[in-house]
Amino acid sequence: MAAEGCEEMSGNGVLEESSAMDVTEAPPPPPPPPPPPPEASEENGGAAVALEAPAGPDNYSAAPAAAAAAASEEGALPADFERLWKATQDNPQDFTSWTDLLQYCEHEGHVVASRRALEAFLVRYPLCYGYWKKFADLERRAGDNNKAEEVCIRGLQAIPLSVDLWIHYVNLLLGILDMNLPDSAGRIRSVFEKAVAACGLDFHSDRLWDLYMEWEKEQDNMRSAAAVLDRVLRVPTQLYSSHYEKLKEHLNSRPPKDVLSSEEYEELRASCRQSQKAERAEQAQEAEEERPPGEEEPATPEGADSEELMQKIRDQVLLRRDKVYKDNEDEVRKRWNYEDAIKRPYFHVRPLDRLQLRAWHTYLDWEIAELNRDTREPTPDQDPQDPNQESTEESEVTTRRQEASDDAAAAQGDYRVRILFERCLIACCLYEEFWTRYIQYLEPQSVEEARAVYRRACEVHLPNKPNIHMQWATFEERHGNLTEARRVLEALEKTVPGLAVVRIRRAALERRAGQLDQSEALLREAVAESKERPTLHAFYSIKLARLLHKVARNPDGARRVLQEALEISPDNDKLHLNLLDLESSGDPWASAEAVQECVARALAASLTPQVKLLLSQRGLQFTEEYSDSVRSVLSVYEAHQKLLDELGGTKRDAENGDEDPEKMSRTDDGSSAAAAAASHVAVATPAPPVMGADTSAQAGYGAYSSWYQQPQYAGYGGYGNYGYQNTWNYNQGYYPPS
């Protein structure tokens, strides 16, 4: 069954017997003679119909007085309730705290405390169908049948695939409805129809079908009972063979006229009579030849159906059902191994192992492949028409019928896939991958259905998982619903505050929507709020500076942002690198002085030797490429050589293993490429001297053009893996590295 086992879970997750909160349903009074059975409102596998609101008090049998419940409502809460309640509010994700609270309320028998605890628990864990049953029983014992029914309806809206909860709801109605009223039987039947429409295709739905069939027999509706058995005979369930045996027994124990529909009975009766007449005529001809002269043929009754005719009709019925049974048996055989691999089809907070997750993925793969195969391949009895053959009216009718049959098969296959996804999302509701896969399946068919699944995943089951929320926001933006995309991201930021990626997503959404002012405001707000966290402040400052520089075309504003950030974090290498990138990207002749000032500021800060060498190298590269004076190039190069000589001891110590290799190879943001590149700075190779110049300076500068272009510097144009040039990996972490 879809969510079996939740009601037996104790606080420590061990299965145990159902507690005293469960009540035994009182047997319903003997039913009156039933009205003629209505036609089924929908076939099995159709869309589930919304449940009706609870009936008014006139349709209920008299409820007992609830004096004890009223007394408990007026009294104070139990002694330890507030302590246990506070534990659940301090850590709502702790399932054990919730079960401790529920067990305590149950033990105390306090209606108000139990109601308050169950309401809060089921908002957070709506798939625990056992607690919906306990909640309904609590309200019924308190004497409020309306509330008991409301609880069942709420539970079924949360978990419509729960066979147990549907059965509990039916039993509740059988216990509280006055079956002497003419509408009661019809109401029970409508609930059964909604139940089989919602979860009748579940592999473990046998008990629901059996209960439906037995109830129809209790109402003396043998024809309706046979119709229920006919329907379940086409559904691949675990106990499929037992349904066929029950159909045989039901058919053989009663006249076919009382079991079959009038159309089928008349059709089979006429056919069997015709066959019987032909047999009798043949027998009469043989008897005529052997009969003595003068003896007349015995008369046979024409009005009444003989037992022989009844047996012929039964045989024909079973012959037809046997083909359906064998087809269904093939479907069960296909699914059996997949179903057998699923060990926990119900919800629990304990993680599933990899084998179970793989079993669900494999089952879904197969069911979707079956749907695609059925929609692509023609059925065995389908004869493809010769394209050279002229179409006739009869062939067109046949084609239309075949297309209608194919559409019905595709719809049925699609519904099976959806049912399997819904079953999977009971056991795996805490895993984003299955929600994402379901949405990817639904979106090509219906955007609204995909949106409803996103809403269910994010607002009910995964309120604290950022990835699925950001996927939802992207989904809404892709479909042009910017208002909803903003709402989703804002709600996520309130639920899980402090995630840098969410604020960046919000700013990017506004930028793509053309709202640059709003995008800038969001980043400025993040910068202002993160001043107490220097690393995060630097992260937001860099993002804001890039927006101002690259998008808003405001380099002065970007420069101010980075300079203000450096006042708070003067030793943050990423800020120095981004400021140098900003200065280098301007007018080369106007920026020369600013670039050298930026390099000088960085060299005066407490940065690592590798970063200092990198910044000095980039300053030298800028001068080489854009300076109009060789003297300025030589001056910058001499300063770089001096720095290289000063930091050479540190470099050699690292090469000799005097420093921790891990420390040397890792930068603040986890990037190793830039550090590795900087730690392999080559010593200048002398070049042939130039006449009339300083030979030592020329030797170094002449070699510069060769070594700064070595492969280890290929990434410096965008600082390789250093800094924030790479795309932020949302799946690895939500906070910037510290």
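Start by selecting residues 129-141 and 145-158, which are helices H5 and H6: they pack at an angle of about 170 degrees, and their axes lie 7 Å apart. Since an angle over 145 degrees counts as roughly antiparallel, H5 is roughly antiparallel to H6. Keep in mind as you click around that this is a predicted model.

Now show side chains where the two helices touch. From H5, pick Trp132, Phe135, Ala136, Glu139 and Arg140. Across from them, H6 brings Asn145, Lys147, Ala148, Val151, Cys152, Arg154, Gly155 and Ala158 to the contact. Colour the H5–H6 contact by class and you'll get 7 nonpolar, 2 polar and 4 charged residues.

Next stop, the cysteines. Buried means under 20% relative accessible area, so Cys105 counts as buried at 1% relative accessibility. Cys128 comes out at 0%, so that residue is buried too.

Last, jump to residues 482-495, helix H20. This helix has 14 residues and spans 20 Å from first C-alpha to last, close to the 20 Å expected at 1.5 Å a residue. Which residues of H20 are buried? Select Glu484, Ala485, Val488, Leu489, Leu492 and Glu493. Residues three or four places apart on an α-helix point the same way, because there are 3.6 residues a turn. To see what covers the buried residues of H20, bring up helices H18 (447-461), H19 (466-478) and H21 (500-512), which are included in that cover.

How values were computed
Residues are numbered from 1 along each chain as its sequence is written. This is a predicted model: local features need pLDDT of at least 70, side-chain atom pairs count only at pLDDT 80 or more; totals for chains, interfaces and linings use all residues. Side-chain values use heavy atoms; hydrogens and water are left out. Helices (H or I, at least four residues) and strands (E, at least two) are DSSP runs, numbered from the N terminus. The expected span of a helix is 1.5 Å times one less than its number of residues. Buried means under 20% relative accessible area, exposed over 50%, partly exposed in between (1.4 Å probe, protein chains only). Contact means heavy atoms within 4.5 Å. Axes are lines fitted to C-alpha atoms, for helices over the stretch in contact, and angles run from 0 to 180 degrees between N-to-C directions. Angles under 35 degrees count as roughly parallel, over 145 as roughly antiparallel, 65 to 115 as roughly perpendicular and the rest as oblique. Ala, Val, Leu, Ile, Met, Phe, Trp, Tyr, Cys and Pro count as nonpolar, Asp, Glu, Lys and Arg as charged, and the others, Gly among them, as polar.
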